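I am opening a notebook page on this structure and will set down what I looked up, entry by entry.

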Amino acid sequence: MARSIGRLLKGFHGLSTLPELGVQLNHLPTCVSLRTASVRTKVALSLPFPPKPRDFSLPNSSWGPEMLGLYEHYNSLCEVETEGGEKREGPWQRLPSYNRSLKYATGGVYLSKIIQSKARLFTRNMRDPGAAFEYVLFVNEGEQRCVCIFQAGHLLEGPPGHVHGGAIATMIDTVTGTHASQLSEPVMTANLNINYRSPIPLGSTVLIESCVDKKEGRKTFISCKVTSTDGSKLHTDATALFLSIGVSHLLLRE
């Protein structure tokens, strides 16, 4: 009996070294019962996986004063108080952000299950807080605006001491694409034009603001700018075109 329990615990210990299996193990019971003819033993298992996926848009220890201050400002606009003292939804909404968008996507049929389980959203694949992309998005549907507070980590270096142009493009694509998807079905980037005006120092916080220019059928045209937090310096401006696609194009059909 003792050997059986030992093998069971050893097996779970092996599983716990594979964090990518967290989603599959989230629903396992935390207590496993072992029954023999005369003895019933319970083995408590403490699994190192959170009950819910981590929302990366919430503050963490790496956020600087500027990012925290802007977060608190926009977050306060997500809820307003009426004259009667009741609280209701405000004009802005914070968008949660996870490290996986879809469990299965087109092309997944060609990948092994292990590769699929390891897949992570590009901007959310760092476990070290503050090392790369730290950001949170707020959207105002009434004004068709989106604001992203972005803090650039040390792993995003391009020119010495400054953010790589590809990392800036990634964030612009992320913000404008997320904004476009809030207005319609899922979208794919069709065109992205970027003008780099001024480099962004590593570790600094900037604002990425996007607004909808027009919609034509499946097409959504968006303009975007990256500025210093006080708006005095323009770092980058861009325009983007997105095409709406059906959910069936993203989901794996077996």
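I am working from a predicted model, and I began with helix α3, which covers residues 65-76, counts 12 residues and spans 16 Å from its first C-alpha to its last, close to the 16 Å expected at 1.5 Å a residue. Looking down the axis of α3, I found that its buried residues fall within an arc of 105°, so they line one face of the helix. I noted these buried residues as M67, L70, Y71 and Y74, while on the other side of α3 I found P65 and E72 exposed. I then asked myself which strands the buried residues of α3 pack against. I listed β5 (93-95), β6, β7 and β9 (205-216) as their partners.

I picked V206, which lies in strand β9, and I count V206 as buried because its relative accessibility is 2%, with the cut-off for buried set at under 20%. Leaving aside neighbours within four places in sequence, I found V206 in contact with C148, I149, F150, I200, V226, T227, T229 and H235. I also looked up the pair V206 and G231, which are 25 residues apart along the chain and whose C-alpha atoms are separated by 9.0 Å.

I turned to the loop between β6 (133-140) and β7 (145-152), where Q144 is found. I noted that Q144 has a positive phi of about 55° although it is not a glycine. Is Q144 buried, partly exposed or exposed? I recorded Q144 as partly exposed, since its relative accessible area is 32%.

Notes. Residues numbered from 1 in each chain as written. Predicted model: local features only at pLDDT ≥ 70, side-chain atom pairs only at ≥ 80, totals over all residues. Heavy atoms only, no water. Helix = DSSP H or I, 4+ residues; strand = E, 2+ residues; numbered from the N terminus. Buried < 20%, exposed > 50% of the residue type's maximum accessible area, 1.4 Å probe, protein only. Expected span 1.5 Å × (residues − 1). Arc of directions from axis to C-beta. Contact = heavy atoms within 4.5 Å.
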